[in-house]
Amino acid sequence: SDPRGEEARRIATARPLVMRNLLSLHQVFQVLLQARGRRGAIDFETSETRFLFDHEGKIDRIVPTERNDAHRLIEECMIAANVEAAKFLRKHGMPTLYRVHASPDEDRILELKRFLGTRGLLLETDGEIDPATLARLLVDVRDRPDAALLESMIIRSLAQAVYQPDNIGHFGLALEAYAHFTSPIRRYPDLLVHRAIRHLLAGGTAGNFEHSQADMDTFGAETSQRERRADEASRDVTAFLKCEYMRDHVGDTFQGVVTGVTDFGLFVQLNGLQVDGLIHVANLGRDYFRYEEDRKTLVGERSGERYTLGDALRVRVARVDPSERKIDFELVERMASAYHPRRKTGGRPSDAVENQDRRPKRQRDAHGRVQPQVAKPKALKKRKGKPKGSHKGAPGAAPPKKTAGKKKSGRRAGPAGRRGRR
């Protein structure tokens, strides 16, 4: 992807015309990338993995894939082609399938706002949001150690893109009209778009097109469902291959990050492998753990130990079941905690906001430093009886007063009794 790299120089020498065209296309890509930023499109930096097999067909390694300018260039060119196809079909009122992405549900955005608040991030919204706001948020958190987790939570808050003839725009790409004219994998919606364009170029109209609007409703529902099934199948195969790889690592320890918290345990993803497994709540220690759903946190009732999203853990592979696509981990140690309460209070961290107005204000000096609070001594009650240091017959000693009707208690004085009986 480096136009000045060794591979680029080799191509420039062998095929100078190809190199000139590639450099021109790279300049076009830069313009398209700037336009993407101006309209506020969301740009996720999700990482993926690929499998490397040995000569026997077994998985040798799982390595992360790198996304460079070559990938982004192709993506931006595809998006530009898809946009022009959608505009052309919309202009002529053709029945077709658009690739639509609805605005996120308000409840999900508010849930995301609460979660970001536990991470010290402010998302200013009352439930409605635009893609530019989320795009800026992704840029702001990109250098944080929990960036991958935050990006994952933002993705979960978004709606799923679908195919339908009713064009409502594409939220994630910040586009008014979008269709799949071209894509990495040829799909039936692409073919329907091609038929509609070919029909128009041949002089046809929407009225004599072979597919009606009702047909497109059916096609949209069917192809969206098939897409979800294909994605599930792909994830299932990937999970099976990862289980096959981890079977040879039972008993080994790895570093990972908590990516999910439920009332029955922690989901942990191993660093660099994107292998997911479960630490059951019974393996977190001899304690009863309470699940705080709003904070996605497990809290030990006796120990106060907290496990939450983003915690860095060292785990041991305990069990692998490829047929069930399940991997069980055992906790070895917690390496770092992602728990950051907003305020420290005497109660639970979730009570911090409620307690903040009841706490006494701390005094500060001229330099803004908090001054230590000194407890005021409690007033001692006046002793009944002879003054301290006096005794019977001592010069100046007042005679002891007689108390009628009272008997001395035989009980031992507690802490209060040491300062005088009540």
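Predicted model: local features only at pLDDT ≥ 70, side-chain atom pairs only at ≥ 80, totals over all residues.

User: What is the average pLDDT of the protein, and which elements have the lowest and the highest mean?

Analyst: The average is 82, and 79% of the residues score at least 70. Among the elements, helix α9 (residues 352-355) has the lowest mean pLDDT, 34. Strand β3 (residues 98-100) has the highest, 98.

User: How many helices and strands does the protein have?

Analyst: There are nine helices and 12 strands. Of the 422 residues, 34% are buried. Taking contacts between residues at least 6 apart in sequence, 60% join residues at least 24 apart.

User: Now helix packing. At what angle do α2 and α3 cross?

Analyst: The general idea is to take the distance between the axes and the angle together. Helix α2 (residues 16-39) and helix α3 (residues 69-91) have axes that come within 9 Å and cross at roughly 70°. Angles of 65 to 115 degrees count as roughly perpendicular, and α2 and α3 are therefore roughly perpendicular to each other. The crossing in which α2 passes α3 is left-handed.

User: Which residues of α2 and α3 meet there?

Analyst: From α2 come Leu-25, His-26, Phe-29, Gln-30, Leu-32, Leu-33, Arg-36 and Arg-39. They meet Asp-69, Arg-72, Leu-73, Glu-75, Glu-76, Cys-77 and Ile-79 of α3. By class, the residues of this contact are seven nonpolar, two polar and six charged.

User: Arg-72 is on that list. Is Arg-72 buried or exposed?

Analyst: Arg-72, in helix α3, has a relative accessible area of 18%. The cut-off for buried is under 20%, so Arg-72 counts as buried. Leaving aside neighbours within four places in sequence, Arg-72 is in contact with Phe-29, Glu-45 and Arg-67.

User: How are α7 and α8 placed relative to each other?

Analyst: Helix α7 (residues 188-201) and helix α8 (residues 213-246) pack at an angle of about 155°, with their axes 10 Å apart. An angle over 145 counts as roughly antiparallel, so α7 and α8 are roughly antiparallel to each other. Tyr-188, Pro-189 and Leu-192 of α7 make the contact with Met-216, Phe-219 and Thr-223 of α8. That contact has five nonpolar residues, one polar residue and no charged ones.

User: How should I read a residue in a strand, such as Val-317?

Analyst: Val-317 lies in strand β11 (residues 312-321) and is buried, with a relative accessible area of 2%. The C-alpha atoms of Val-317 and His-249 are 6.9 Å apart, although 68 residues separate the two along the chain. Beyond four places in sequence, the contacts of Val-317 include Met-246, His-249, Val-250, Phe-254, Ile-327 and Phe-329.

User: And Ile-59: which residues is Ile-59 in contact with?

Analyst: Ile-59 is in strand β2 (residues 59-64) and is buried at 15% relative accessible area. Beyond four places in sequence, Ile-59 is in contact with Phe-51, Leu-52, Phe-53, Leu-241 and Tyr-245. Ile-59 and Lys-242 lie 183 residues apart in sequence, and their C-alpha atoms are 8.7 Å apart in space.

User: Last, backbone angles. What is phi of Ala-174, and what is phi of Lys-296?

Analyst: Most residues other than glycine have a negative phi. Phi of Ala-174 is near 55°, a positive value. Ala-174 is in the loop between β4 (162-164) and α7 and is partly exposed, with a relative accessible area of 23%. Phi of Lys-296 is also positive, near 50°. Lys-296 is in the loop between β8 (289-292) and β9 (297-300), and at 16% relative accessibility Lys-296 counts as buried.

Methods
Residues numbered from 1 in each chain as written. Heavy atoms only, no water. Axes fitted to C-alpha atoms, helices over the stretch in contact; angles between N-to-C directions. Helix = DSSP H or I, 4+ residues; strand = E, 2+ residues; numbered from the N terminus. Parallel < 35°, antiparallel > 145°, perpendicular 65-115°, else oblique. Left-handed = near helix turned anticlockwise from the far one by under 90°. Contact = heavy atoms within 4.5 Å. Nonpolar A, V, L, I, M, F, W, Y, C, P; charged D, E, K, R; others polar. pLDDT = per-residue confidence, 0-100. Buried < 20%, exposed > 50% of the residue type's maximum accessible area, 1.4 Å probe, protein only.
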